[in-house]
Amino acid sequence: MSAPGIPVPFAGAAGSKAPLVFTNASRWFGDVVAVNDISCTVESGITGLLGPNGAGKTTLLQMAAGLLPVSGGSVRVFGADPFGDVATYANVALVPEAEAVPGMLTPRQFVTARAAMLGLAQPADAAQRALARVQLEDSQDRTLGGFSKGMKQRAKLAAALVHEPGLVLLDEPFNGLDPRQRAQMMRLLEAQAESGTAVVFSSHILEEVEGIATRVLVVVAGRLAASGDHRELRRLMTDRPHTVHVRSSDDRLLAGALVGNPSVLGVSLDENRLTLRVTDHAALARALPAAARSHSVSLYEVRPADESLEHVFAYLVQR
Amino acid sequence: MSATVPPASAKSTSASLPSASASGRTGARTAAILRLTIARTVRPVPIVIGAVITALPVVFAAIYRGTGGDDANLAEFLLTRYNALVVSMLLPLAALVTAAGATSAEREDGTILYLLTTTTSRTLLAMVRWVFATVVTSVIVLLAVIGTGLVSGNGSDPTGVMRAFAIGSVVGAAVYSAVFLALAVWLRRSLLVGLLYVLVWEGTISGLVPAIKYLSARQVLLGITQRFVQPAEQGAGPFATVPGFGTSVAWAVAVVVVALAATVYRLRKLPVTKPR
């Protein structure tokens, strides 16, 4: 499939030491295709994996983390196939969506055990550094079972970052966090990316991805629907035909006045409202009040109809 | 479609990266696995239930002595109690909890991911969990066997039954632990399946149908135990349907090897979450 957005050179998997390269990667479970022929390269910095629930984001992350084999194509992490090779984890970490942590352990015990199982020379020191980075030092000797969701999320992050991996994969890291915790998590990920780590996180919320991702991969129904800079993606998402519902004192008169406007692609009249298809919200915002004023029509309601993320995704898939 | 994006900063290859290693530091790795295993296994409820079941045969022994039981009937008493309370109940339950408990719970809540996404080999993970379960189960069962034997035998083991069951129980701990660990990585409801195996398969079916005696860990461990009791006790009571000593040893070794291999194989490709 072809990508909307910026034209980009394709970096093949062969010989590539990029943190993460998918080449025609597919994964199916029985008859269900979860990931369908995705090719992309992730470099360092923060990459947002955006898509509605069930789009295949978790499957992609699990394949990248070597927990699931591909059904077709390939995945390479720093040039190597991650599946079934524990050496992968020297340089990769996955923070799962599941909130569960070993509740009977303290963060220090949990992170130290991870450090030891990763073969670090000084597990306790490494754990201390990781807990400091996520600001859990003050709570490191309380058991994880009593932690809030945001604190558990940070403990999971410390467990993932304890060996300072070159690639960190996070599955819905902002889910269930309050705005303050969310901002804190964003700062942590940004700090991690600044230190040179490639950070990939999944989300179904555009604003989260826009907030910190330097580039975005949009996944819909197992396919890569769009990719690129987040500003580019925002433009793609806004420069598409919009539907606007209008209620006024005289819909028919207003329709006649607007149909000649270049930003209006089409008008239709229902019993009690006027539906406009437009290319450019801003142009309509100027044209609509002007038309209403010059024809002495009162506007009762102007409402965009299709601004949900699902509509945006659906539009991107159609392209 | 294809896409690539330029790097934001320099660090992109493994060369500049951390000290995590895929080999070595086996001692620290083992200690970490043990810590996680113990944290999951040593919980108040299993400890209380385990203590009660461990004490049960010892209480029977005290009653036996207290109500005038003598050395003449001691062998029969011990054979009956060991068979019913230790080999059929305490041993498999202790092995089930210590071998399958931690792994089963970690799979249930998904935290096994934190063990699997490390550079520790799946073989080491399986071996540490198996040795842990075998040692803890052996200690628990030996407490019951030796406690019961010494109380009922007034401080000694005149019939040799205690020694025989001590040996058989340790072998049984190793076999059950390997089987239940394999169940825990292969099945979602391993504790339930393990319990059904103990109660239904071993408790009734394998005693009734002699042809399947080789497919029961209990029959195999009793086959080994039989070798160490006196000739008068052999071939009767709990030993009525057991396989011979050599066959039992071969089966015990084969089951442990196959179960551990199956565990390691499965851990290499364990699904950590259900596909959506």
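A bit of housekeeping: residues are numbered from 1 along each chain as its sequence is written, while chains are lettered from A and ligands numbered from 1 in the order in which they are written. Since the model is predicted, local features need pLDDT of at least 70 and side-chain atom pairs count only at pLDDT 80 or more, whereas totals for chains, interfaces and linings use all residues.

## Chain B: helices

Chain B has 9 helices and 0 strands. Here helices (H or I, at least four residues) and strands (E, at least two) are DSSP runs, numbered from the N terminus. Along the sequence, the pattern reads α-α-α-α-α-α-α-α-α. Along the principal axes, the C-alpha atoms of chain B fill a box of roughly 85 × 35 × 35 Å.

How many of the 276 residues of chain B count as buried? The share is 47%. Buried means that 20 or more other C-beta atoms lie within 10 Å of a residue's own; with 12 or fewer it is exposed, and in between it is partly exposed, with C-beta atoms placed from the backbone. Take the contacts in chain B between residues at least 6 apart in sequence: 83% of them join residues at least 24 apart. Two residues are in contact if their C-beta atoms, placed from the backbone, lie within 7 Å.

Now for some helix packing. Two packed helices are described by the angle between their axes and the distance between the axes. The axes are lines fitted to C-alpha atoms, for helices over the stretch in contact, and angles run from 0 to 180 degrees between N-to-C directions.

| Helix pair | Angle | Axis distance |
|---|---|---|
| α8(B) (residues 217–226) and α9(B) (residues 245–268) | about 135 degrees | 8 Å |
| α1(B) (residues 26–41) and α3(B) (residues 74–109) | about 95 degrees | 9 Å |

For the wording, angles under 35 degrees count as roughly parallel, over 145 as roughly antiparallel, 65 to 115 as roughly perpendicular and the rest as oblique. The crossing of α8(B) past α9(B) is left-handed, so the near helix is turned anticlockwise from the far one by less than a right angle (clockwise would be right-handed). On the α8(B) side, B:Val220, B:Gly223, B:Ile224 and B:Gln226 make the contact, and the α9(B) side includes B:Phe245 and B:Trp251. By class, this contact has 6 nonpolar, 4 polar and no charged residues. Ala, Val, Leu, Ile, Met, Phe, Trp, Tyr, Cys and Pro count as nonpolar, Asp, Glu, Lys and Arg as charged, and the others, Gly among them, as polar.

The other pair, α1(B) and α3(B), is roughly perpendicular. From α1(B) come B:Thr37, B:Arg40 and B:Thr41, which meet α3(B) residues including B:Val97 and B:Glu106. This contact divides into 3 nonpolar, 4 polar and 2 charged residues.

One loop residue also deserves a look. B:Asn154 sits in the loop between α5 (122–152) and α6 (161–186) of chain B. Its phi is positive, about 55 degrees, although B:Asn154 is not a glycine. Is B:Asn154 buried or exposed? B:Asn154 is exposed, because 12 other C-beta atoms lie within 10 Å.

## Chain A: strands

Strands of a sheet pair through backbone hydrogen bonds, either parallel or antiparallel. In this model, two strands pair if DSSP finds at least two bridges between them.

Strand β1 (residues 20–29) of chain A is mostly covered, with 7 of its 10 residues buried. β1(A) runs antiparallel to β4(A) (residues 72–77), joined by 5 bridges, and A:Ser26 stands opposite A:Gly72 in β4(A). β1(A) is also antiparallel to β2(A) (residues 32–42), with 7 bridges, and there A:Val21 stands opposite A:Thr41. β1(A) and β2(A) form a hairpin with 2 residues between them, and A:Gly30 in the turn has a positive phi of about 60 degrees.

A:Asp37 is found in strand β2 of chain A. Phi of A:Asp37 is positive, near 55 degrees, in a residue other than glycine. A:Asp37 counts as partly exposed because it has 17 C-beta neighbours inside 10 Å.

Chain A also has an open sheet of 6 strands in the order β5-β6-β7-β3-β8-β9, with mixed pairing. Its edge strands, β5 (92–95) and β9 (223–229), each pair on one side only. From one strand to the next, the twist averages 15 degrees.
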